[in-house]
Amino acid sequence: MSHFPPKALPPLPAVLLSALLAVQPVMSQQSQQSAAPADKNGAHSSGMSGTASGPPRAAQYDAEKRPITAGGFVKTGPILFMDDSEKAGLTKWTHKMGTPEKQYIVETNGSGIGLIDYDNDGWLDIYVVNGATWNSLDGKETPPHAALFHNNHDGTFTDVAAQAGVTNDRWGYGVSIADYDNDGWPDIYVTNWGKNRLYHNNHDGTFTDVAEKAGVTLGNWSTGATWGDYDGDGRLDLFVAGYVHFDRDNLPAGGKDGVPNIYCTFRGVAVNCGPRGLKGEPDHLFHNNGDGTFTDVSDKAGVADKPGYYGLTAIFADINDDGKPDLIVGDDSTPNYLYINKGDGTFEDDSYASGYALNDAGRETATMGIALGDFDHSGRLAIFNDTFSDDYKPFYRNEGDANLTDISYELGIAETSVPFLSWGNAFIDYDNSGWPSILMVDGHVYPQVDQNPWGTSWAQRPMLFHNEQGKKFSPVPAVEGTGLADVLAARGMAMGDLFNDGKLDVVINVQDHHPVLLRNVSPDHNHWIEFKLVGGKDTTTGRQSPRDATGAKVFVTAGGFTQRGDVMSSGSYLSTNDPRPHFGLGQATAVDSIEVRWPSGNVEKFTAPGVDRILTLTEGTGTAAK
């Protein structure tokens, strides 16, 4: 890849200037870094400490001398999200991960959120992954439980995890939800430091962990998981990203066992070690055998991650629009992967050729969350990555045929995002305008930042960028007392229509804190439509779609433009969003066209009897598209 010149830095948006005393100029970009090599022990290194790809940036404070990550609020403005956590009944549950000091990397990465209609009552429930403590591992205290919050249909939720048998009771990280056995009921895969779990839905409000029988437990540190039918047999296969090989009997420390001190410091201050300097954990692709078991085909398929990069979020999605799900893996402090599905059971590593491996400055980044969406009505999926503080957040426009261009600066996202360390993210049409905006939630990995004048903070506020018709994204001000002014050590985030009112809400898993529900209270009066998809068979070819239609693409034409929505089993940071494609329609009162491209290859047209409703679309009941 060629070298890129330093970026010319645009001015901060006016909405933030009013909240800042002054913003010092940002240090110039350094020259391109090559991919971090691995040493003989599989550990990756580079000439930089911490996990940002660039140099430290100048501190930013607001008018009240608060770091901009925990300040910059305004008194008045649009009220879009309210924190309904207590009202919803979520505040009695607490996420717990290690110690408050976060001495080791395993304690600080946090956990994901999964939205799931586990009882098929038509209302989304919330699965919240929990961590663990050293004492719980040693049997000295009760392990922290995961939560399964049942939706009571009245704005409240009840934790039924114990009754459902999904408490996990292991050191948990990620969750991916899909109907892997095509029985019409969603199942839950949970990744852990330690053995993973596959919770099979028993159709009666309970689950059974079948991971051992299925052969998908693995064993060290798994992070992002995703389901997709990569080989077109109608059954969902499972990809699991590996992060760091973490050994409790040989805890990493600076200067010990070949871990240089530079990988255990941030801006010269001692912090937990890694991921740089530590051995990476490989990735795994499990083929669904159709009998409740899976076979590891990672090497055969070409996705085993031989260099041992630090995998975090993974998503199956069709990036080059050839009808086959490709595989995206966001890696921490090492190049990202984009694997193109060749249609013969194998993938081509297109990471560098596509432009996705590195950012526009030619650097590997610390990729945490990944959002996919059609932000400009091109009909193609763009990719937006969350990264570490001191880094801008790359936004890859899809030019077609899996050619990606980082246009974060062009869209106005880059410079504003630099001070924030971001995790969960999503393309979210919060105002049903038909143009999906961007939401990201934030929080640092080092508690030490609160004791140093770096202009950043352990707990941070969310960032919302409004989509200006695919040309720019404008930061939305955080109004005091609203959800956007919540200051959180956020990690996983999931987005969905929790109350079936056509408004997209957000649930956040917060480090060592209760979950946060940001209820969408946008005052807009725009229209919307939403779909639950049920896969069937293409009668012409005989090919079968997965029952839950994971991998399907929906195109809705209304109000003079066409939008795209995909059914995906993962996204954000180690999380799973609402599987129902949602479309804001603006002021349009009718839908002109609905086209579904099913995983089987079948393409059908459907009609909508009206707007502001949730429709079920079943494969084989539409009209064949011409």
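Me: Helices (H or I, at least four residues) and strands (E, at least two) are DSSP runs, numbered from the N terminus; which element gives the most to the lining of the largest pocket?

Reply: This is a predicted model, in which local features need pLDDT of at least 70, side-chain atom pairs count only at pLDDT 80 or more, and totals for chains, interfaces and linings use all residues. Residues are numbered from 1 along each chain as its sequence is written, and side-chain values use heavy atoms, without hydrogens and water. Two or more lining residues come from each of β4 (113-116), β8 (171-178) and β33 (527-534), and the element that gives the most, with 4 residues, is β33.

Me: Which residues of the lining are the closest to the centre of the largest pocket?

Reply: By class, the lining of the largest pocket has 15 nonpolar, 8 polar and 6 charged residues, where Asp, Glu, Lys and Arg count as charged. Of the 29 residues that line the largest pocket, those closest to its centre are D117, N120, K532, D548 and P579.

Me: What is the volume of the largest cavity?

Reply: A search of the whole structure finds 8 cavities of 30 Å³ or more, a cavity being a set of points where a 1.4 Å probe fits but cannot get out. The largest cavity is lined by 31 residues, and the closest to its centre are L372, F427, M495, D566 and M568. Among the elements that give two or more residues to the lining are β22 (370-373) and β26 (422-428). The volume of the largest cavity is about 520 Å³.

Me: Why is the disulfide of C264 and C273 assigned its handedness, and which is it?

Reply: The structure holds 1 disulfide (a pair of cysteine sulfur atoms within 2.5 Å), and it joins C264 to C273 with an S to S distance of 2.1 Å. Both C264 and C273 are buried (under 20% relative accessible area). The torsion about the S-S bond is about 110°, so the disulfide is right-handed.

Me: Which strands stand at the edges of the open sheet of 4 strands?

Reply: The order of this open sheet is β4-β5-β6-β7, with antiparallel pairing (two strands pair if DSSP finds at least two bridges between them). Strand β6 (residues 147-151) is joined to β7 by 3 bridges, and the bridge partner of H150 in β7 is T158. Each edge strand has a single partner, so one side of each is left without a neighbour in the sheet, and these strands are β4 and β7.

Conventions
1 Å grid on protein atoms, 1.4 Å probe; cavity = no way out; pocket = protein on both sides within 12 Å on 5 of 7 lines; lining within 4 Å. Points joined across faces, edges and corners; volume = space filled by probe spheres on them. Buried < 20%, exposed > 50% of the residue type's maximum accessible area, 1.4 Å probe, protein only.
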